[in-house]
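Me: I have a new model open and would like to learn how to read it. Could we go through it together, one feature at a time?

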Amino acid sequence: MSKQNHRKLEKNIKLALSERDNYGGYLCLDTLLTAQHPLSDPPHHDEMLFIIQHQTAELWMKLVVHELKAAIDAINNNRLGKASKILARVKQVQRQLFEQWAVLETLTPSEYMQFRHVFGHASGFQSVQYRQVEFLLGNKNKKMVKVFPEGSESHKLLLAELNGPSIYDVFLSYLSREGYAIPNELLERDVSQAHEYNEALMQVFVEVYKDTDTHWKVYALCEQLVDVEQSFQMWRFRHMKTVERIIGFKQGSGGSSGVAFLKKALDLTFFPELLRLRTEL
């Protein structure tokens, strides 16, 4: 006779734990798993996918914000090795964000249009955390803050991020402290504005890349920043192609031109000198 097709519980496994002391309590799963509220009536099968896709993205972006702030803090404290380690994690989170578009791409236009009307003007354009990520990486745009009601917590949060230094700003300050010839106009600039390409800065980075052994820590962090930018651009591109696949060239739910609006974002860059120097080397 064959053995029973199950395993016995080991004697040291904890049973009858309190609600707060167990897995579900620690992760607040009662809250997390009951936060999906389809609006279609009767509920359309695919609306659950649409909700969970975006909620999952917001959770990953929360971690990206958390890690970028930690990286900024590490650079401010002259700990480039720690910052590089943190950015390596950010890249892996970005990979998850990129890959999950494949799940949403299983939603066909016919399926989407059966519940599209229920969420009105809700749009990823209104994601506070997405704007935080952009601002922390340096794509500052004061007009984006106006999407959120003045005086609201979202408005206050983004205004603080807008007026704070980006990761590139703190990196340039670090380089200046270390004796690199960073132009004063970059060190004293209005950080609420997006960084613009600077030829003198590009030459600083060219010298770093010409002698990577001497400037290894700086060089390594530069490459991490390039990786994060490239991953972000790949996410933008996949987002645009997913939207194109599902709604074509219709107007976006938030009022944008949809695919055309998303294509314009592909021209934006966070660290232009680090990309341009590849041509100059």
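Me: Which side chain is joined to Glu 161 by a polar contact, and at what distance?

Reply: A polar contact is a pair of N or O atoms within 3.5 Å; within protein, one must be able to donate a hydrogen and the other to accept it, and residues adjacent in sequence count only if both atoms are side-chain atoms. Here the partner of Glu 161 is the side chain of Gln 132, at 3.0 Å. Please keep in mind that this is a predicted model: local features need pLDDT of at least 70, side-chain atom pairs count only at pLDDT 80 or more, and totals for chains, interfaces and linings use all residues. Residues are numbered from 1 along each chain as its sequence is written, and side-chain values use heavy atoms, with hydrogens and water left out.

Me: Is Glu 161 buried or exposed?

Reply: Buried means under 20% relative accessible area, exposed over 50%, and partly exposed in between (1.4 Å probe, protein chains only). Glu 161 has a relative accessible area of 10%, so it is buried. You will find Glu 161 in helix α9, residues 153-162; helices here are DSSP runs (H or I, at least four residues), strands are E runs of at least two, and both are numbered from the N terminus.

Me: What is Glu 161 in contact with?

Reply: Contact means heavy atoms within 4.5 Å. Leaving aside neighbours within four places in sequence, Glu 161 is in contact with Lys 69, Gln 132, Phe 135, Leu 136 and Lys 140.

Me: Phe 135 is on that list. Where does Phe 135 lie?

Reply: Phe 135 is part of helix α7, residues 128-137, and counts as buried because its relative accessibility is 0%. Beyond four places in sequence, Phe 135 touches several residues, among them Met 144, Leu 158, Leu 162 and Ser 166. Ser 166 is 31 residues away from Phe 135 in sequence, yet their C-alpha atoms are 6.6 Å apart.

Me: How should I read a nonpolar core?

Reply: In soluble globular proteins, nonpolar side chains tend to be buried together. A core here is a set of buried Ala, Val, Leu, Ile, Met, Phe, Trp, Tyr and Cys residues joined through side-chain atoms within 4.5 Å. The largest one has 63 residues, and those with the most contacts inside it are Ile 167, Phe 171 and Phe 205. Helix α13 (residues 216-247) gives the most to this core, with twelve residues. A second, separate core has seven residues, including Met 144, Phe 148, Leu 158 and Leu 162.

Me: Why is helix α10 described as largely enclosed?

Reply: Helix α10 (residues 167-177) is largely enclosed by the rest of the structure because eight of its eleven residues are buried. Among them are Ile 167, Phe 171 and Tyr 174. Just after α10, Gly 179 takes a positive phi of about 100 degrees.

Me: What does the secondary structure of the protein chain come to?

Reply: The protein chain has 15 helices and zero strands. Of its 281 residues, 42% are buried. Among contacts with a separation of 6 or more, 71% are between residues 24 or more positions apart.
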